[in-house]
Amino acid sequence: MPEKYVAVDVETSDLSPARGGRVIEIAAVAMEGPLIVEEYSTLINAPCRIHPSAKKVHGISRRMLADYPTPAEVWPKFLQFIEASPLVAHNARFDIGFLRHELALLGLPLVNRSHCTLALARKHYAYLPNHRLSTVARHLLGDIPADCRLHRALGDARLAARVWMVLRGL
């Protein structure tokens with residue numbers, strides 16, 4: 001049986017947890033071999049202000065978060081979903097850093113290994129004009145699949161999963 005990997009993506013209220021940034025949307029896409037087998041995604045009603053520059057990127061407002069679960073409700077479910085699987089993210093330093101911060105606020109550890117599609121793309125495709133997820137995906141996949149809405153957690157996690165599968169030769 002192929003190893004399970006989980007592509008993750010977060011949308012945040014600011015660029016840094018040190019500046020009060022919180023995860024306001026999480027998505028995780030489980031892959032086994034060349035298949036996406038399961039997904040977990042939710043907005044998160046975190047107690048924070050959404051910086052205007054962050055909102056401009058992802059379009060998430062405080063009002064949109066009102067009826068969604070709190071961090072204390074989301075993160076244990078997220079950990080159940082990912083289990084011990086290796087995580088995959090485009091710019092893993094950012095996403096995994098925010099995940100660690102959110103989990104630490106609840107006294108929960110994140111012990112999963114992680115892989116960065118951004119680092120792999122920079123290594124193998126140095127000639128690309130930039131290494132944004134959309135640029136790498138267009139290079140590897142030809143286009144952005146219709147179910148991959150850019151700058152929203154589920155769309156970006158799906159796209160990172162597909163990029164990962166190509167980078168791994170699956």
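Reader: What share of the 170 residues in the chain is buried?

Author: Burial is a matter of relative accessible area: under 20% is buried, over 50% exposed, and in between partly exposed, with a 1.4 Å probe and protein chains only. Here, buried residues are 49% of the 170 in the chain. Please keep in mind that this is a predicted model, where local features need pLDDT of at least 70, side-chain atom pairs count only at pLDDT 80 or more, and totals for chains, interfaces and linings use all residues. Residues are numbered from 1 along each chain as its sequence is written, and side-chain values use heavy atoms, leaving out hydrogens and water.

Reader: Is V10 buried or exposed?

Author: V10 has a relative accessible area of 4%, so it counts as buried. You will find V10 in strand β1, residues 4-12; strands are DSSP runs of E with at least two residues, helices are runs of H or I with at least four, and both are numbered from the N terminus.

Reader: Which residues does V10 touch, not counting those up to four places away in sequence?

Author: A contact means heavy atoms within 4.5 Å. By that test V10 touches V23, E25, I26, F94, D95, F98 and L99.

Reader: How do α3 and α4 cross?

Author: For helices, each axis is a line fitted to C-alpha atoms over the stretch in contact, and angles run from 0 to 180 degrees between N-to-C directions. The axes of α3 (residues 71-82) and α4 (residues 92-105) come within 10 Å and cross at roughly 115°. Where they meet, P71, W75, F78 and L79 of α3 contact L99, E102 and L103 of α4.

Reader: Finally, how many helices and strands are there, and what pattern do they follow?

Author: The chain has 7 helices and 5 strands, and along the sequence the pattern reads β-β-β-α-α-α-β-α-β-α-α-α. The radius of gyration is 15 Å, close to the 15 Å from the globule rule for 170 residues, so the chain is as compact as a globular protein of that length. That radius is taken over C-alpha atoms, and the rule is 2.2 Å times the number of residues to the power 0.38. Along its principal axes, the C-alpha trace spans about 40 × 35 × 30 Å.
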